[in-house]
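Open the model in your viewer and keep the selection panel at hand. We will go stop by stop.

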Amino acid sequence: MNHFAENIKSYRTEAKLTQAELANRLGVSTNVIGHWEKGRTEPNLDTLLKLCDILQVSLDELIR
């Protein structure tokens, strides 16, 4: 698994959000969150920035 995928899951669980809750806040499906966390796909830049805002982490922290 890549670090980006691991980070999304880690920061999501740290924020006490389920995949469904995060998906709802971002306006994507739960399957999309699952694909990100498994490293199958990655969000576009706009969604990445929203993700950082929701998870309260910097872009650098999320993608490192």
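Which helices do the buried residues of helix 2 pack against? They pack against helix 1 (3–14), helix 3 (30–37) and helix 4 (45–55). Contact here means heavy atoms within 4.5 Å. Helices are DSSP runs (H or I, at least four residues), numbered from the N terminus.

Some ground rules. This is a predicted model, where local features need pLDDT of at least 70, side-chain atom pairs count only at pLDDT 80 or more, and totals for chains, interfaces and linings use all residues. Residues are numbered from 1 along each chain as its sequence is written, and side-chain values use heavy atoms, with hydrogens and water left out.

**Stop 1: helix 2**

Select residues 19–26. The buried ones are Leu22, Ala23 and Leu26. They sit on the same side of helix 2, because they cover an arc of only 100° around the axis. That arc is taken from the directions from the helix axis to the C-beta atoms. An α-helix has 3.6 residues a turn, so residues three or four places apart point the same way. Now turn to the other side of helix 2: Asn24 and Arg25 are exposed there. Buried means under 20% relative accessible area, exposed over 50%, and partly exposed in between (1.4 Å probe, protein chains only). Step just past helix 2 to Gly27, which takes a positive phi of about 75°.

**Stop 2: two loop residues**

Most residues other than glycine have a negative phi. Go to Lys16, in the loop between helix 1 and helix 2. Lys16 is not a glycine, yet its phi is positive, about 60°. Lys16 is exposed, at 73% relative accessible area. Next, select Gln56, in the loop between helix 4 and helix 5 (59–63). Its phi is also positive, near 55°. Gln56 is exposed, with a relative accessible area of 71%.

**Stop 3: Leu62**

Show its contacts, skipping residues up to four places away in sequence: Phe4, Asn7, Ile8, Tyr11, Leu48, Leu51, Cys52, Leu55 and Val57. Then pick Ser10: it is 52 residues from Leu62 in sequence, but 9.7 Å away, C-alpha to C-alpha.

**Stop 4: the core**

Finally, select Leu22, Leu26, Leu51, Leu55 and Leu62. Of the 16 residues in the largest nonpolar core, these touch the most other members. Helix 1, helix 2, helix 3 and helix 4 each supply at least two residues of this core. Helix 4 gives the largest share, 5 residues. A nonpolar core is a set of buried Ala, Val, Leu, Ile, Met, Phe, Trp, Tyr and Cys residues joined through side-chain atoms within 4.5 Å.
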